[in-house]
Amino acid sequence: MTEPIVVSAPGKVLLAGGYLVLDPAYSGLVISASSRFYTVVRDTLAVPPKQILVRSPQFIGAEWKYSVSFNGNEVLVEEILDCTPNRNKFVHYALQYTLKLASEYSATTFEEVLSHGLEIVAIGDNDFYTQKREPSSPSLTIASLSEMPPFCPLNVTLLDVQKTGMGSSAALITSIVSAILLKFGVVSKDEFTRLDSQDRVLAHNTAQLVHCLAQGKVGSGFDVSAAVFGSHVYTRFDPKVLEPLMRITGDFANFALVTLQPILDPTVPADDKPIWTSRVEPFQLPPLVRLVLADVAGGSSTPAMVRKVNDWRSKNPDDAKKLWSDIDASNKNLVKALRSLSILYKENTNAYERAVQNLSLLPPSRWETADALEVTRPAVQAFDRAHRASEARMGESAGVDIEPAPQTELLNRSIAQAGVIGGGVPGAGGDDAIWLLVLEPKNTAEAPLQRVERVWSEFKQRKVSPLLATESMEMGARIEQFNLVHGLEQAVTTENYATKKL
């Protein structure tokens, strides 16, 4: 038996570019979060050869068993319905299409790996799910979240869980796909660790395919891109690249007629090969700036909102073009201002830190006219530009509650606090979550984050729960060591973990 293969992939927050990222003519700023999804793939004698057991131990009854039949590179993955009646389309699609791709590289390796059973365990950090508390329990804070054990059992089925909008499905699929490609030798560990390697691009393309097929449409792809590559300025791929494969959604029996390599592998030449046109420009938030997230107890249907916005755009092309161009300009200004701050930190760290200290005591409405010493003025002006650029919002032009009234009030109160650069509703918006960028001065009596948490705890129109996640300082998907991820081994090996009291 070989050592377990463990791959983690981060969640995401789309700070800028909601709706615009659906159009390859525009870009979006996506930040990968410190919260991660983990997939463990290991050999097991508890499962017969050519079978795969998939478990998600945080949930009650979350087990699925599959049989794998193959003839050459004709591969069919079928669910064995003796575990749970609740099918998991995301897991099934990830297995079917990733195993099919693996078979095209080496039939010998494919048969060798499946000569014994496999177990796949998928588990997510606490931030991906709303943490239920007793009504009498104190409100959650970032401090109390930090004290919670990792991978908390959720005591519910997967169908009943409430998600926080961190991109759990994209992180899940990215980690599963990458772990399977590593297990079957399609990508190497050495190459996968390189952010710019072709192996990582192959994992990205495969995860995009699986995610699109499982959702039944070609989405913008920024969530999968962030899970693979980390924080970056993202430009969408041309949806036509996946059109030939989208026609076979769910048609597993006839799927053997399709060859995936020419479409997904960037190193495979083909005269009529579709081209992946997505662009990834690495990005990192400037020093002493913290991404802060909150789960808002509301709820919105992203697909329905996207349909309404697209319908409005098609009926009002001139108005939409102007609105899209204005928001795109603000988004670019935000990226430019944040990048300039990172440069200013390197050029004069002391002056930058003094500017952060001073601005953390002032609401952003006063930054433009704030007195600043000659040495700190460049940083103060850059922070003010970032604040003003973050204020651009789509508004109500499309007739959609992209930012519902309670969200607007919550954001306005939060952004009015001293030391808050700006904020918004991530991605497609709605009544689900908010993000803020706050200053983190090294020495202060009361940090901006404390002021923000006080606003959230006192907000009456919605239940606002902070999340622990910040920006991930690591690359996107990465290979982990099983016994070095805190709490992972216990969660994977403990019987009846989903209902265990921690």
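Which helix does Phe383 lie in? I looked it up: Phe383 is in helix 13, residues 377-390. Helices here are DSSP runs of H or I with at least four residues, strands are runs of E with at least two, and both are numbered from the N terminus.

**Ground rules.** I'm working on a predicted model, where local features need pLDDT of at least 70, side-chain atom pairs count only at pLDDT 80 or more, and totals for chains, interfaces and linings use all residues. Residues are numbered from 1 along each chain as its sequence is written, and side-chain values use heavy atoms, with hydrogens and water left out.

**Confidence.** I checked pLDDT, the predictor's confidence in each residue, from 0 to 100. The protein has a mean of 89, and 91% of its residues reach 70 or more. Among the elements, helix 4 has the highest mean pLDDT (98) and helix 10 (residues 302-315) the lowest (75).

My cut-offs: buried is under 20% relative accessible area, exposed is over 50%, and partly exposed is in between, with a 1.4 Å probe and protein chains only. Leaving out residues up to four places away in sequence, Phe383 touches Val289, Leu341, Tyr352, Val356, Leu359, Trp367, Ile421 and Leu439; contact means heavy atoms within 4.5 Å. I also took a C-alpha to C-alpha distance from Phe383 to Arg451: 19 Å in space, for 68 residues in sequence.

Asp384 is in helix 13 too, and at 5% relative accessibility it counts as buried. Its side chain makes a polar contact of 2.9 Å with the side chain of Arg388. A polar contact is a pair of N or O atoms within 3.5 Å; within protein, one must be able to donate a hydrogen and the other to accept it, and residues adjacent in sequence count only if both atoms are side-chain atoms. Beyond four places in sequence, Asp384 touches Pro364, Trp367 and Glu368.

**Helix 4.** Ser175 lies in helix 4 (residues 168-183) and is buried, with a relative accessible area of 0%. A polar atom of the Ser175 side chain lies 2.8 Å from the backbone oxygen of Leu172. Not counting residues up to four places away, I find Ser175 touching Val7, Ser8, Ala9, Phe37, Tyr38 and Thr39.

**Helix 6.** I then went to His211 in helix 6 (residues 198-215), buried at 3% relative accessibility. Its C-alpha is 9.7 Å from that of Leu172, 39 residues apart along the chain. Among its contacts outside four places in sequence are Ser169, Ala170 and Ile173.

**Helix 11 on helix 12.** What is the angle between helix 11 and helix 12? Helix 11 (residues 317-347) and helix 12 (residues 349-359) pack at about 125°, with axes 5 Å apart. I noted that Leu341, Leu344, Tyr345 and Glu347 in helix 11 meet Thr349, Tyr352 and Glu353 in helix 12.

**Positive phi.** Most residues other than glycine have a negative phi. I found a positive phi near 55° at Asn155, in the loop between helix 3 (142-147) and helix 4. Asn155 is partly exposed, at 35% relative accessible area. Leu288 has a positive phi as well, near 65°, and is placed in the loop between strand 8 (279-282) and strand 9 (289-296).

Technical notes. Axes fitted to C-alpha atoms, helices over the stretch in contact; angles between N-to-C directions.
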